[in-house]
Each structure stands twice: as C-alpha cells, then as structure tokens.
Amino acid sequence: MLRNHLFNIFFTLIFFGLFSLIISFYYDDVSRALYDPAIFPTDKSFDLQACQSWRDDTRQFVVSNENKAKQITVLMYHRVIPEDQLNDTHVQANGDLFSTIILKSEFDEQMQILQDAGYTTLTLKELELFIQGNLDVPERSIVLTFDDGFKDNAIEAAPVLRDHGFTAANFVITGAVNMYDSAYKPGEYQYFSVDDLHNTCDVFEFESHTYNFHKRMEDNTPYLIGKPDKLVQEDLEASIVNLDGNTQAFASPYGAFDKENIQLFKQLDFNMAFTVIPGTVKQGTDIYQVPRKEVLANERIQDFKEKIGLQDGDT
Ligand SMILES: [Zn+2]
C-alpha cells in the first residue's frame, strides 16, 4: 500500500517535471502562438533610441544666399513592390495598380534622379528648423516619407535608399508592428516587425501614424475625427510609448484631422504634423499642417520631375 502510494507520488513528480521541461522548451513558440500579431502592446517600446540617434544630429550646411532652399518638397510613398511579385492583391477591379503601389524599378529610378541631380534628403528635425527659419539648407533638399509601415518598405525600399545614401521618415501604425518576425509575403498586407524596424533604422526615422486608429467609422468618418477626443489621445499616447517617447512628427491617417486634433498634437508635444495636401514647404509653413506630394503608381518621369521642382532636362 505504502509502496503504491510512493510510486504514485514519484510518478506525479516525474510527470510534472517532464511537463514543465517541455513547456519551457516550447515557451517561445507557445507565447508566439498566443500573441495576437495584429496588435503590439500599448506599454512596450520598440527600443530604437540607440539606432535612431542620427536623426538628432542636425547638419550645418554651407550654402550661399543664392544656393539655399526657398522651398522644399516632401514626397509621400506607401508601398514598393518589385514588378515580378505583383499579384491580384495589388490591382484594382479595372486592372490598374492601386495608386499607393510603386514598382521597385520606378522607385529606384526616382532615387537615381534625385541622386544625379544632387539632392540631399533632410531629417524631419532639419525640415522643422528650416520652417522655423533656423537652418539654411541646400536648394536641392528633399524630404522622403512613407506611410503605414509596410514590410515591403524594409525589404525593398530600405536597400534602395541605402544605395543612394538617402534617409526617409516612416510613419508607422505602431500597433500593427509585429513583435515576432515572419517571412515576407508581398501579396499580403504585412507590416514591419520589430526586427524590421531595427534592421532599417539607419535609413528610416520612425514616426507616429497612430497606434490603432488608422480606421474609419461605419459612416466612413476617419477615427481621428469621429472618435471621442479622449480615445484619440489614448491612441496617440500609446504610439508615443511604442516609439520610445519620440514626438518629432505625426501624420494623420487619410490626411484627416480637425482643430481638436491639432490642439492634441500640441498638447502631446509633437513638433510637427503632416497632411496629404499637396504643396511645397516654406519658411513659416504651418508646422502642424505640413503639405506633402504623393508619388503615385505609374508616375511618369516628367511628372516626378515636376513634382520635385526639377524640369525635364534640367539636372
Ligand atoms: Zn496611412
């Protein structure tokens, strides 16, 4: 009887020992399976400070009065996809590419045009100082921005930027960032993983495009306009926490914002906010309504050159 009892205890101990060994062995896989890949925790940060320090190193450009910029174009991109990876998900019902998709070959060509023409890409801090009249920058200065934080930016756009010695701002929906990396699938709506952020933080400065408010209400009103101010504030605060407290810039989803939003941007200490209203940036431009020009799918070279203020033949 006693022997039986001891045997049971012994067996139970062995069982739990093996069980916990197996659990600890698979802990990563288990937590990975339980983690909702659609949402990054509100209280965690991407831990990017160290590799983003370059964004604060404002350069002092040596420019004469004639050669300093009077206006600067901010370009806006979304996705960059190689031609041979296009599929049905990238194409509208009428057969055209979605306007937000630029072919990698086109993107490469556009960056080559900028490089050949001697353009300098500015950081957002440098753009801010230019707007305030506190920094002279070369006439051929430009700011490149990406919205949403698609994984193709890390896989396709970042190497092209690096090759041309350029940097860009990337406005990420921080809650959409995946804590765990996964294989790149160009046919899916796939966002940056934390690893992607770290692997590309030499060319991208990461900014807020909300935490989880890149959405519309049932009547199509964007969340920033339609949701109660308190919820908008909580959402933006979560994005700031994810971005290690960085408040250099915000870009509104769909370019939609109202007066209350602008008050909130100020209250949360954002230095600047970007619209999708086309225009060029000048000294004195409203720092909370900085215009941007979207580069569209299948954009003609001529149109691109006009967009950046570089006429055809004028290099
Ligand atoms: Zn967006």
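**Exercise 1.** Decide whether helices H3 and H5 are roughly parallel or roughly antiparallel to each other.

*Solution.* The model is predicted, so local features need pLDDT of at least 70 and side-chain atom pairs count only at pLDDT 80 or more, while totals for chains, interfaces and linings use all residues. Residues are numbered from 1 along each chain as its sequence is written.

Step 1. Locate the helices: H3 spans residues 104–116 and H5 spans residues 151–163. Helices (H or I, at least four residues) and strands (E, at least two) are DSSP runs, numbered from the N terminus.

Step 2. Take the angle: the axes of H3 and H5 cross at roughly 20 degrees and come within 10 Å. Axes are lines fitted to C-alpha atoms, for helices over the stretch in contact, with angles from 0 to 180 degrees between N-to-C directions.

Step 3. Apply the cut-offs: under 35 degrees is roughly parallel, over 145 roughly antiparallel, 65 to 115 roughly perpendicular, and the rest oblique. H3 and H5 are therefore roughly parallel to each other.

Step 4. List the contact: H3 supplies Lys104, Phe107, Asp108 and Met111, and H5 supplies Glu156, Ala157, Val160 and Leu161. Contact requires C-beta atoms, placed from the backbone, within 7 Å. Five of these residues are nonpolar, none polar and three charged (Ala, Val, Leu, Ile, Met, Phe, Trp, Tyr, Cys and Pro are nonpolar, Asp, Glu, Lys and Arg charged, and the others, Gly among them, polar).

**Exercise 2.** How do the axes of H8 and H9 cross, and which residues of H8 and H9 meet?

*Solution.* Step 1. The axis of H8 (residues 229–242) comes within 11 Å of that of H9, and the two cross at roughly 40 degrees. That angle makes H8 oblique to H9.

Step 1. The crossing of H8 past H9 is right-handed.

Step 2. From H8, Asp229, Val232, Gln233 and Leu236 meet Glu260, Asn261 and Leu264 of H9. By class, the contact of H8 with H9 holds three nonpolar, two polar and two charged residues.

Step 3. Look at glutamine 267, which also lies in H9. Glutamine 267 stands 34 residues from glutamine 233 in sequence, and their C-alpha atoms are 9.5 Å apart. Glutamine 267 is exposed, since 10 other C-beta atoms lie within 10 Å. A residue is buried with 20 or more other C-beta atoms within 10 Å of its own, exposed with 12 or fewer, and partly exposed in between, C-beta atoms being placed from the backbone.

**Exercise 3.** Where do threonine 210 and tyrosine 254 lie, and what is the phi of each?

*Solution.* Step 1. Recall the background: most residues other than glycine have a negative phi.

Step 1. Threonine 210 is in the loop between strand S7 (204–208) and helix H7 (223–226). Though not a glycine, threonine 210 has a positive phi of about 80 degrees. Threonine 210 counts as buried because it has 25 C-beta neighbours inside 10 Å.

Step 2. Tyrosine 254 is in the loop between strand S8 (249–251) and helix H9 (259–267). Its phi is also positive, about 60 degrees, and tyrosine 254 is not a glycine. With 15 C-beta neighbours inside 10 Å, tyrosine 254 counts as partly exposed.

Methods:
A crossing is left-handed if the near helix is turned anticlockwise from the far one by less than a right angle, and right-handed if clockwise. Two residues are in contact if their C-beta atoms, placed from the backbone, lie within 7 Å.
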